[in-house]
Amino acid sequence: MALLQTENLSFRYPGAEKAALQGVSLSIEAGSFTVVCGPSGCGKTTLLRLFKPELAPAGEQTGRILFAGEPAASARPGAIGFVQQNPDSQIVTDKVWHELAFGLENLGLPVETIRRRVGETASFFGIQGWFRQKTDELSGGQKQLLNLAAVLMMQPRLLILDEPTSQLDPIAAADFIAALQKINRELGLTVLLAEHRLEEVFPIADRVAVLQEGRLLLHEPPRAVAPKLLSISPDHPMLHALPSAVRVWRHLAAGGACPLTVREGRRFLEERYAGVALPPPPVEAPPAGACALDVKNVWFRYEKESPDVLRGLSLRVTRGEMLCLLGGNGAGKTTALQIMAGLDRPVRGKVLLHGRELKTYRGGALYRHNLALLPQNPQTVFVKDTLRADLNEMLAAMETPPAERAGRMEQMAKELGIAHLLAAHPYDLSGGEQQKAALAKVLLSDPTVLLLDEPTKGIDAFAKRGLSELLRALTRRGMTVVAVTHDVEFAAEAADRCAFLFDGEILSVEPPRNFFAENNFYTTAANRMARGLWKTAVTCEQVAACCRAAEERL
Amino acid sequence: MKQDLLALFALILLAAVLISGTEVQSVDEYYRTHADEIPPQSETVTLSIRCDSVLRHYDQLDPALRSPEFVPPDGVILPPTRYLLRPGDTVFDILQRAVRQNGIQMEFQGAEKSPFGSVYVQGIHWLYEFSCGPLSGWVYRVDGAFPHYGCSRYTLQNGQTIEWIYTCELGQDVGAEWIGGQPS
Amino acid sequence: MKAFAGLHPAVTMTYFVLLLTVCMFLPHPVLQGQALVCGALTCALLCRRGAARDVGFYLPLFLLVAVTNPLFSHNGVTPLFFLNGNPVTLEALLYGLSLAAMVVGVLLWCKAYNEVMTSDKFLYLFGAVTPKLSLVLSMALRFLPAYRRQARRVSRAQKAMGLYAGSSMVCRVKNRLRVLAAMVTWSLENAMETAASMKARGYGSGKRRTHFSLFRFRPADGAFFAALLLLAAAPLAAAAAGALNFTYYPRLSQLQTTPAAWVAYAAYGLFLLLPAMWEAKEALVWRCCKRKI
């Protein structure tokens, strides 16, 4: 039975030329797990919000939305649960237990009922440990789990989630997806999830709906998605966003059942190419050149009494290279970056930029044509009402002559593909657009060393590819880039060298192929599939290339 | 922060004490000044202190003061007594000399602190302003008239009679027509 | 002080309100002395670590207040010496001591109040009166730290881009203003999402909201409540009956030794020791439990 059904649903925002949704007919089975994906701006969020009457955007809507056979607007409050993207802004109250109770308080249920349901929900999600804590003190993953639990308190029949893991680190994201799977499997709750990080959710979904420019491109079981996409267009952009196993499979055009998980992918490769040895790839020489940024034995802690965050961190970044700093949560990555950016002073040790100690740069000289930091949350970069004003401010601060400013801005906007966004309010841009706009602002300071904090957080596969190409172009021009990231796939593709940070110090610095070949757990999905055969194949393309070479030998 | 505030407060107190001078006298020193010998022919004035009105308003009196020790049954705290008048003596000078010679408690506010620019007598013989109702306090009369200025600005002449009277009704009960808010 | 802090907020609140009322409106030397000593004891139990540092504050404060009074008040039948023609009397000195005991006592108990009545307890009590306001307060408590953190992030982000990185006063003020402007937008944006999240969870659905809390009124709370009412009633009744009158000026009145007064002293003493006794009781119960195992 279909729990949720749309019939020829179209929607247009007031004043928009193009419709956000066009003729979407979708049927969600009760108890199913459906993943909605598609490039940014494809109408995912609009579609999901239309399903939740309280959050439905204003605009011109045609077609019908039926929930359990009735118009969705007549559903009881709480029958459709909705979890949004940002873990922080969804939390209403100051205590975890109060947040859980909030929805039921609104429904006016008696205190004893609330107490019971709060207890039940908290133990189902393993919240007891931080039940009495302040919501402000939680980690991002805990916050999002709390949002999920608070929505489930209302006993919904349908759970809608709009990119809930985009602001989380991979481990928290995996935990969150596991919780979703548990809810779907154990409670039979219908889940509708919009997501751009498909590696984990793709295999567990019953159905995958792909949206493109407001139209429903396909709505199929996951295994059928790649073949369908290939039949629509052999180079469909959506193919790049699929899990690594699928991407390797499609590179080979091998036919047969499409593998979805690392396990399936590994079996797929081993069945075909077992025992085929390939000559090792040419050794990637570490980049040569002068040292741009030299971190020497840096120790740091936030408070006098608190434990050390960095313990003798040393790192030499060569001029013109792109270095990715990888590591788990709390390893001190962001702290290390803040110190490299001169925002925090090391307790011991020093940081040299182009051979000069950071603290000897005075009166803003450090940030003028020298060093720039793009923070984790691109929103913190903007302070004006339009992107143009923000970029202008940066040019003024860099003392660019007024006559040259317009040209400079034009050029930068063109290069980053944001020329059409200059008049928009920075907060109205999508995640990927915000990232690019923020980068544009930072790049206007013309830095020689660019520091990036989690540049791939919250952006989709297409934006990620664009970013990695852009960074490569910048390093070719001689800019040095240091990025702190959780994203091993991104590091494998974009970096010249990767460094592994653990417990406040650097454990290894190597070119990505050697780096990931030596790691067992901390490596890309493609490498995990292929490492039994070819240890140094790290990206999907490299694995596919190895496969092709192996075909020739067979 | 808290400590700093405390230190500041202590400092201000110390400064206040130092600025206002520190003349310390023992009790005996203060009260020992015996009555002056009054040579014949010298100029004198007569001073008396009374609180009859309190007896009529006994119900309003502060309970702690309801004792003959503080309010004499006849209302007389100091019967009319002659005092030597030195040139320039004010009403206040004579009062102070009288209470010191008779060991009568008295509290006053110095002229520099008073808004009237004159010494203000707050209490005599433990009877204070407001001790007997909200309109009570000390007033003085010279030769039957209530002067319109403070007691330390009234310079006396030979033979004048000063009466310090406790009023419970802003002067009306003791015959003052109107005392413009300054009972002394 | 886990046991006392674990009591129902209504009970602890009543306790502190009654205590502070007696402290401030019954200036009797015996009661004040008791309040001071027990306040110090309770504070020491509540915050063991800071106790030593606090002595450095409260002791000088006590002496200061005690000394200040006789310098400015000269009433009293027992002059000790004369300062600039005004008597410094024994009564004024004792009155100063009593004032100091009151001030320091009230401060100590306020400190204990702060330690025990955390914001959520206060919110809970408030919420019983007006649920809307308590929700607003709870949201504010959630929002403020988030705001502060974001403001710091924005200002650091701006600094690391070289905007107004100068150290002059003008630069700093300018930077503050820019951050503030950005924060207004951020707050609005954030508020929109929070509002969506509230609506999505049935806020404003027209039903009367329940006021949920984790606090329960247990039998132990009832016992404590009864005890505190009973014990506080004694000094209040005695005071109302005039059995606790005490004056300093002009002559110290006799300390009452009537049976009524004795009952009042004893009851008030017990009242003040309630938190400490409650703690001791819990500790005892705990020890007994351990032994049985």
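**Entry 1: inside chain A**

I started with domain 1 of chain A and domain 3 of chain A, where 14 residues of domain 1 are in contact with eleven residues of domain 3. I note that this is a predicted model.

I then looked up how chain A is divided. The assignment gives domain 1 (31-57 + 66-241), domain 2 (243-285 + 536-554) and domain 3 (320-344 + 363-535).

Next came the area. Domain 1 and domain 3 of chain A bury about 1100 Å² between them, and carbon and sulfur atoms give 61% of that.

I counted zero salt bridges between domain 1 and domain 3 of chain A. Residue pairs in polar contact came to six, both residues being at pLDDT 80 or more. I sorted the side of domain 1 that touches domain 3 by class and got six nonpolar, six polar and two charged residues.

**Entry 2: chain A against chain C**

I moved on to the chains. Chain A brings 64 residues to its contact with chain C, and chain C brings 50 residues. The buried area between chain A and chain C is about 5100 Å². Carbon and sulfur atoms account for 55% of this area.

How many salt bridges does the rule find across this interface? I got eight between chain A and chain C. One that I looked up in detail pairs C:R149 with A:D136, where the closest N and O atoms are 2.4 Å apart.

I then asked which elements of chain A supply the side that touches chain C. At least two residues each come from α2 (96-107), α3 (111-124), α4 (140-152), β16 (371-374), α11 (387-397) and α13 (431-443) of chain A. The largest share is that of α2(A), with ten residues. By class, I have 31 nonpolar, 18 polar and 15 charged residues on the side of chain A that touches chain C.

**Entry 3: chain C against chain B**

Together chain C and chain B bury about 2300 Å², with 64% of it on carbon and sulfur atoms.

The rule finds one salt bridge across the interface of chain C and chain B. I traced a salt bridge between B:E69 and C:R251, with 2.1 Å between the closest N and O atoms. I also counted seven residue pairs in polar contact between chain C and chain B, both residues at pLDDT 80 or more.

Strand β1 (residues 24-26) of chain B is joined to β1(C) by three bridges, and the two strands run antiparallel. Which residue of β1(C) is the bridge partner of B:Q25? I found C:F82.

Conventions. Residues numbered from 1 in each chain as written. Chains lettered and ligands numbered in written order. Predicted model: local features only at pLDDT ≥ 70, side-chain atom pairs only at ≥ 80, totals over all residues. Heavy atoms only, no water. Contact = heavy atoms within 4.5 Å. Buried area = accessible area lost by both parts, 1.4 Å probe. Salt bridge = Lys/Arg side-chain N within 4 Å of Asp/Glu carboxyl O. Helix = DSSP H or I, 4+ residues; strand = E, 2+ residues; numbered from the N terminus. Nonpolar A, V, L, I, M, F, W, Y, C, P; charged D, E, K, R; others polar. Domains from an automatic or database assignment. Polar contact = N/O pair within 3.5 Å; in protein donor to acceptor, adjacent residues only side chain to side chain. Pairing = 2+ DSSP bridges.
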